[in-house]
Amino acid sequence: MPRPLPPPESTELRELVAALSPDVRTTVVPGLVDEIVERIRAAIPAYARPPGSAYNRVIRTAVERNVLGFLDWLADPARPLDRRDELCRKMGAFEVMEGRPLTVIQSAYRAATQVAWSRIRAMLDDRVASVLAVSALAEAVIAYMDDAAALSREGYERAKAEACDGRADARLALLRALVGPPSPVEPDPAADWPLPDEVTLVALPPGTLPVCPLLDADVLLDPEDPAPCLLVPGPLTADRRAMLEAALAGERAAVGLTVPRARAADSLRWARRLLDLKDVLHDGTLTLCEDHLMSLWLLADGALMDQITRRGLAPLAPLSERRRLPLVDTLAVWLRTRAPATRISEELGVHVQTVRYRMRVLEHLLGDELADPGTRFAIEAALRTRRLRARPAPEPGAPPAPPSAPPSAARDLIND
């Protein structure tokens, strides 16, 4: 829809805006956003959710984008406000999803306008502003908020129309077909969703859903699936990742690889596997399969890897634990680095002669096994797997775990 916002042409208004403190975004906006959110929650019971909830985050994001958008428009009327506009439309569509009448969100806009103008007038009390400037600013606030309300009404009406014409059902059917058993998937005009060449699947924990208004319009979601997922057309760009992190509102999710759409089920399977490994692989809110390909492979079959471990290290089994563990630690570093004894001693924190002694013992026990590439590969894979398994789960709010565990993680390599 063409922007109905007239440019604020008043000379007095331009002078007033130019005189505003350049740090208004950091000194005024956060408090103003808080005040508007609290007024909306107090005035409209339907929006009175816990402050830390995902629902409240939607309201705060919408308010913040509108406040910042107003400042952007005052500074440059020709500047596009695409992200703000789309969120306003989505907020209207969200009202349809929630089963509320349009009047509810319209009341929210009125409450926001009242708070914003009250704060602006308080700011102007400390400045010498002409009546014409104040009047022009009031007109600008009303025009801007009317535009935001009109965009939400547009989104509301579009969502109502989509519900009637079956668009949502058609998109849901496409999603289920893409992640289901391999079969040709044909475009459905009723879905109004062109089939992408590539897709990226995102796995969510069972029983959780993202904040839908913050999802891009072309992202598909099956809200009825006990193990919900999202389908993102194309690769996970920086903008897509920022969108997902906002919509997840702190919930964990795993992102599969970007694949041709015929392999969508593979992307989802990998993402769900990664999500199941949350106590082993943890990168914060959003964990990407592309960052953990080797780990996913090594942890795919624990029982089989245990057998590989026992067979590869069988010559060390008769030794006591006190003798065996230092040998395993040394072997793990040597297989990973192929470094000389001096470097291995630095990594293990032992004397270089100790490392040389251990390597002689390993050569004696393993014999030609260490010269065989296949055996070396199997043992190294087993040792890497057990290092992954030995990673402790992070404390709530703790940073991600380091990329590898200390050598003592090999303690029970052949004691299972």
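Trp297 is located in helix α11, which spans residues 293-298; helices are DSSP runs of H or I with at least four residues, strands are runs of E with at least two, and both are numbered from the N terminus. The structure is a predicted model, in which local features need pLDDT of at least 70 and side-chain atom pairs count only at pLDDT 80 or more, while totals for chains, interfaces and linings use all residues. Residues are numbered from 1 along each chain as its sequence is written, and side-chain values use heavy atoms, with hydrogens and water left out.

Trp297 has a relative accessibility of 47% and therefore counts as partly exposed (buried means under 20% relative accessible area, exposed over 50%, partly exposed in between, with a 1.4 Å probe and protein chains only). Together with Met294 and Phe377, Trp297 makes a nonpolar surface patch of about 370 Å².

The chain contains 16 helices and five strands. An open sheet of five strands is arranged in the order β2-β3-β1-β4-β5, with mixed pairing (two strands pair if DSSP finds at least two bridges between them). Strands β2 (220-221) and β5 (286-288) stand at the edges with a single partner strand each, so one side of each is left without a neighbour in the sheet. Strands of a sheet pair through backbone hydrogen bonds, in either the parallel or the antiparallel sense.

Strands β1 and β3 run antiparallel and are joined by five bridges; here Cys229 of β3 is the bridge partner of Ala203. Strand β3 also pairs with β2, in the antiparallel sense over two bridges, and Leu230 in β3 stands opposite Leu221.

Five of the five residues of β3 are buried. Both faces of this strand are covered, with Cys229, Leu231 and Pro233 buried on one side and Leu230 and Val232 on the other. Helix α9 (residues 238-248) lies across β1 (198-203), β3 (229-233), β4 and β5, and runs at about 140° to β5; axes are lines fitted to C-alpha atoms, for helices over the stretch in contact, and angles run from 0 to 180 degrees between N-to-C directions.

Of the 416 residues of the chain, 46% count as buried. Among contacts (heavy atoms within 4.5 Å) between residues at least 6 apart in sequence, 70% join residues at least 24 apart.

Key: Patches are made of residues with over 30% relative accessible area and no salt bridge: like charges are joined within 9 Å, nonpolar side chains (Val, Leu, Ile, Met, Phe, Trp, Tyr) within 5 Å. Accessible areas come from the Shrake-Rupley method with a 1.4 Å probe; for residues, only the protein chains shown count as cover. A salt bridge is a side-chain nitrogen of Lys or Arg within 4 Å of a carboxyl oxygen of Asp or Glu.
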